[in-house]
Amino acid sequence: MCICLTFEKTIPLTCRSPYLLLFACACDLCSVDCCSRSLVCAILFGGPNMSFTSSSVGSGGRTVRRVFEFGRTYVVRPKGKHQATVVWLHGLGDNGSSWSQLLETLPLPNIKWICPTAPTQPIKVFGGFPSTAWFDVGELSEDAPDDIEGLDASAAHVANLLSTEPDDIKLGVGGFSMGAATALYSATCFTLRKYGNGNPYPCNLSAVVGLSGWLPCSKTLSKKLEEVDDARRRAASLPLLLCHGKGDDVVPYKFGEKSSQALSSTGYQNVAFKAYNGLGHYTVPEEMDEVCAWLLSKLGLEGISS
């Protein structure tokens, strides 16, 4: 049985691409094949929004203002004593609702889950067609440029959601696919104590999880860590879990494997990488069991509910 998040939205034929499959949602009854046939899941609008504005210099030296309007946030309250809060980020084209439904079923009664919805923005890989996305993506390749503005805005949104948690609560970030990439980017912001634009990063993270994702800005990470005092110490102590299916034809397995290697080689000493034979671009109970056990251990939670 797979746990996949499918979606249904009409995409112009000229915009169809294998990267339309960078999504996740929860469907206990679907078959594995549905994950490779589905297009996009319904984008949910409404609810309290939060916006970030970023400026960059465009052609002709003009300042281009980019506004990020984040969608509705879903919260899964802890069923037991509140010990940790984890922001969980969905994949491309999805929304926070689908993952909140899955996370609510996990036997982790001491975790509060916060599941935000990404901004709707034009996506290059879709030919400019708008979709919910944490940042823009043109292609998945090792040489593709990173959308620093989008990554910074989403990492700042995550940090803002965590900033109101009590001081005695441990904080974490996790995600699937593009959400995993954003979670790993947040991990680097924490160790560097700043975003890519130089603004200070305010949160202390205790755990980071990435499923079927990749590490943005991996080629410049080592140099950046060398430039920041105490960054290596934070990198060495931060627990990270990366999981990836060897059958993933959307975000290839090598992206997850190389991301794990890049983190380990730059001083992240507490990285766990789990590979799953035959797993495509979706999650399965075995993988979520691994996530539960890992969070229980790394966050020092009291126990798993039956």
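At 24% relative accessibility, Phe273 counts as partly exposed, a label for anything between buried (under 20% relative accessible area) and exposed (over 50%), using a 1.4 Å probe and protein chains only. Keep in mind that this is a predicted model, where local features need pLDDT of at least 70, side-chain atom pairs count only at pLDDT 80 or more, and totals for chains, interfaces and linings use all residues. Residues are numbered from 1 along each chain as its sequence is written, and side-chain values use heavy atoms, with hydrogens and water left out.

**Aromatic pairs**

- You'll find seven aromatic pairs here; rings of Phe, Tyr and Trp (its six-membered ring) pair if their centres lie within 6.5 Å, and planes under 30 degrees apart count as stacked, over 60 as edge-to-face and the rest as tilted.
- Phe135 and Trp214 are edge-to-face, because their ring planes sit at 80°, with the centres 6.1 Å apart.
- Both Phe135 and Trp214 are buried.
- Phe273 has a tilted partner in Tyr253, with 5.8 Å from centre to centre and 50° between the planes.
- Tyr253 is buried, at a relative accessible area of 17%.
- Trp88, Trp99, Trp113 and Phe176 are linked into a cluster by ring pairs.

**Nonpolar cores**

- The largest nonpolar core has 59 residues, and Leu240, Leu263 and Tyr268 touch the most other members; such a core is a set of buried Ala, Val, Leu, Ile, Met, Phe, Trp, Tyr and Cys residues joined through side-chain atoms within 4.5 Å.
- A second, separate core of 30 residues includes Tyr74, Leu106, Leu108 and Cys243.
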